[in-house]
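Hi there,

Here is the structure I promised to pass on to you. Have a look at it first, and then read my notes below.

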Amino acid sequence: MDFITGEIVGILLFFIGLYGLMTKKTIVKTIMSMSIMESGIFLFYITINYTDGSVPPIGQAQEAAFVDPVPSALMITAIVIGIGVTAIGLTMFMHYKQKHGITHWSRNRNQTGSEH
Amino acid sequence: MLYWLIIVPIVIAVINVGFLHSDSRKLIVGSQLGITVYATYLFYLVRTQGTIMDNMAGYPRAFSITLYADRISIVLVWLTTLLFLGLLIYAYTGDYFNTQFGFLYLTLQSLIIALFLSTDLFNIYVLLEVSTVVVAILIMFNKDRQAVYDGMIFLFVSVISSGFWLFGVGMLYRTFGHLDLHAIQEVITEVEDPRSLILPFGFILTTISLKIALFPLSSWLPKAYGTPSAPPVIPAILSGVYETTGLYLFIRLTAMFSEVIELNAFFLVIGFVTSIVGIVLAVAQKDLRLLLAYSTISQVGLMTVGFSFGTEASYWGSMYHMFAHSLFKTVLFLSVGVLSHHYKTRDVYRIRGVMKALPVTGFAIIFGLLGITGAPLFNGSISKYMISYGSDSPYIQLLLNLINLGTLLYSMKFAAMLFGKNTQPESIREEDSIHDIPQWTTFVFGVLTLITGLFGNTFLQFLYGFDFTIYPGEYLEKSFIYLLLVLAAFALYRGWVRERDLFTKIGYVELSFNAMITALVMFFIGIVGYMYWLT
């Protein structure tokens with residue numbers, strides 16, 4: 001089972017998320033697919049350049065290869081941004097549903113509105 | 001040094017929140033003045049002493065996060081601060097200018113400046129993501145139904161495309177162990193198998209192509225720019241400055257990969273297609289904002305073409321067109337704001353007699369239109385002249401003239417509003433329209449399009465340090481062709497475009513959200529396939 005590595009699973013998750021985005025018309029499902037896609041990216045990052053037997057870069061006395069800490073640090077930022085975006089997306093969706101009762105992507109466009 | 005440009009707007013934005021129940025407009029305008037002066041000083045420094053590089057926290061280059069200002073980026077930063085100041089003066093009397101708006105406005109400015117200066121690929125991802133959120137909130141500032149829907153589409157499509165960027169950057173990091181753009185550029189030729197770069201490049205280019213709205217990824221743009229209830233400065237910022245960030249990334253990233261994978265031919269074709277599609281859809285619109293949004297798409301196509309010819313003149317021509325486009329598109333979007341205030345509509349067929357009712361805006365519109373169509377003496381003519389230098393092929397010249405004909409065609413539609421019987425509602429005619437700050441701000445931008453055209457050569461040398469000789473004979477020839485095109489466009493407009501049925505149907509063609517994402521994936525597969533075929 002060598003091919004089930006973090007990278008492969010990450011790429012798979014990314015495309016599963018994309019598949020959801022291409023096919024699902026419900027806005028909530030869009031937000032969920034987006035999260036799945038992002039999880040794929042996070043998994044991909046934290047497993048790149050990992051070699052067996054390497055140790056964390058701080059607090060270790062033994063002489064062994066260090067794990068590269070940069071991807072993990074980047075992913076903390078990316079996860080926070082992901083949460084922020086998901087929260088904003090959900091807020092917009094809730095506002096939209098409560099005010100106008102719409103839960104699906106539609107095609108209808110209404111190009112009139114206030115005069116600004 | 002450079003980081004002040006990024007920190008100060010954010011700090012002012014936060015201080016401004018303290019003015020929740022009082023007026024913070026003077027503070028914001030004052031800070032904008034300061035930032036503009038400082039950006040001018042930095043521009044002067046870069047001009048005299050060369051590129052400025054700021055390594056954060058004192059680490060050596062390629063290990064630290066670097067802010068990098070060369071001629072290209074500092075000109076764009078300078079333009080950004082100027083436009084933000086001008087737009088702020090325009091918005092000063094608007095009822096939408098409150099604390100919340102000020103906060104979002106300044107934050108967006110800081111993010112855009114950071115996008116121009118940053119060379120760290122992950123930083124760029126963060127900035128893209130946060131600026132997307134800020135723009136989405138600005139789009140739905142008035143929270144009406146269409147605005148929230150458009151804001152959501154913009155937010156989701158942009159966030160998904162930034163996911164592509166992040167994935168691509170991860171793959172680059174795995175190969176190079178660097179995130180710095182220039183550091184990667186230095187070592188990129190040492191990659192043994194160029195094919196290993198195809199996937200990351202494909203991912204990154206997909207994001208950028210969506211950001212600059214190349215066909216078929218342009219469907220989000222009219223939604224975001226054309227939102228009916230957004231304040232008029234928002235589409236002006238989006239088209240004048242935000243669009244430029246995408247083009248800037250396009251220049252940097254294609255330069256980074258150009259040693260290994262050369263995609264000029266691909267973007268030449270895509271650029272032409274984008275331009276033609278943008279024109280056809282722009283001619284079909286009757287809402288002024290949508291018309292201008294599609295026109296932005298067509299102009300971006302033209303700039304992509306200029307960047308893809310691979311000659312120096314057309315490259316800098318496109319660069320100057322970017323600068324010129326920011327100016328004349330700001331004029332046009334702002335004048336649409338003025339018109340919709342004074343006519344209570346944005347329907348291009350229901351506004352007539354602007355020259356009589358609002359002469360100041362009328363002249364600004366004329367300047368803007370002459371700029372966008374590349375009339376002699378205006379800035380568009382210089383940049384389009386230089387772009388046409390990129391190729392000797394008669395077919396390419398024909399295509400460029402065709403694009404200009406299309407530009408003239410939708411400009412005719414715009415210009416038709418200037419004449420005829422005044423259709424202003426009775427109640428508004430009494431208003432004082434001469435001492436109106438928004439009108440005069442629009443006019444000043446209009447005059448700038450003329451000045452940057454009259455002294456085109458001087459500006460080109462002043463901004464980018466690029467010397468270009470314009471031969472009077474050829475310039476006259478181009479002017480003659482321009483006049484012929486004007487006549488042709490006028491005839492076409494009278495005879496064909498005004499028969500609205502066909503075009504009205506085309507105007508309603510748009511992709512649904514799922515179709516946009518499918519187009520994104522198709523584009524990605526297409527570009528990766530093309531690169532495999534190429535190498």
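Let's start inside chain B, where 7 residues of domain 1 of chain B are in contact with 5 residues of domain 2 of chain B. On the domain 1 side, α3(B) gives the largest share, 3 residues. That side has 5 nonpolar and 2 polar residues, and no charged ones. The domain assignment puts domain 1 at 1–118, domain 2 at 143–234 + 501–535, and domain 3 at 263–498. Between the C-alpha centres of domain 1 and domain 2 of chain B there are 26 Å.

Keep in mind that this is a predicted model. For chain A the mean pLDDT is 83, with 91% of the residues at 70 or more. Among the helices to look at there, α2 (residues 27–47) of chain A has a mean of 92 and α3 (residues 70–100) of chain A has 89. Over residues 112–116 of chain A, though, the pLDDT is below 50, even though this stretch has 18 contacts in the model beyond near neighbours in sequence.

Now for the two chains together. How many residues of chain B are in contact with chain A? There are 39, and they meet 36 residues of chain A. The elements of chain B that give two or more residues to this side are α5 (121–139), α6 (145–176), α13 (312–343) and α23 (513–534). The largest share, 16 residues, comes from α6(B). By class, the chain B side has 22 nonpolar, 11 polar and 6 charged residues.

Just after the helix, Gly374(B) takes a positive phi of about 75 degrees.

The other is α20 (residues 456–464) of chain B, where Gly456(B), Leu460(B) and Leu463(B) are buried. Why do they line one face of the helix? Seen down the axis of α20(B), the buried residues fall within an arc of 80 degrees, so they line one face. An α-helix has 3.6 residues a turn, so residues three or four places apart point the same way. The face turned away from the buried side of α20(B) carries Thr458(B) and Phe462(B), which are exposed. On the buried side, the packing partners are α3 (71–91), α13, α16 (379–388) and α19 (437–454) of chain B. Just after α20(B) comes Gly465(B), with a positive phi of about 70 degrees.

Most residues other than glycine have a negative phi, and most peptide bonds are trans. Ala213(B) has a positive phi of about 60 degrees, and it sits in the loop between α8 and α9 of chain B. Ala213(B) is buried, with 24 other C-beta atoms within 10 Å. Pro216(B) lies in the loop between α8 (198–211) and α9 (220–225) of chain B, and the peptide bond from Phe215(B) to Pro216(B) is cis. Lys344(B) also has a positive phi of about 60 degrees, in the loop between α13 and α14 of chain B. Lys344(B) counts as partly exposed, with 14 C-beta neighbours inside 10 Å.

Happy exploring!

Definitions and conventions
Residues numbered from 1 in each chain as written. Chains lettered and ligands numbered in written order. Predicted model: local features only at pLDDT ≥ 70, side-chain atom pairs only at ≥ 80, totals over all residues. Contact = placed C-beta atoms within 7 Å. Helix = DSSP H or I, 4+ residues; strand = E, 2+ residues; numbered from the N terminus. Nonpolar A, V, L, I, M, F, W, Y, C, P; charged D, E, K, R; others polar. pLDDT = per-residue confidence, 0-100. Buried ≥ 20, exposed ≤ 12 C-beta atoms within 10 Å, placed from the backbone. Arc of directions from axis to C-beta. Domains from an automatic or database assignment.
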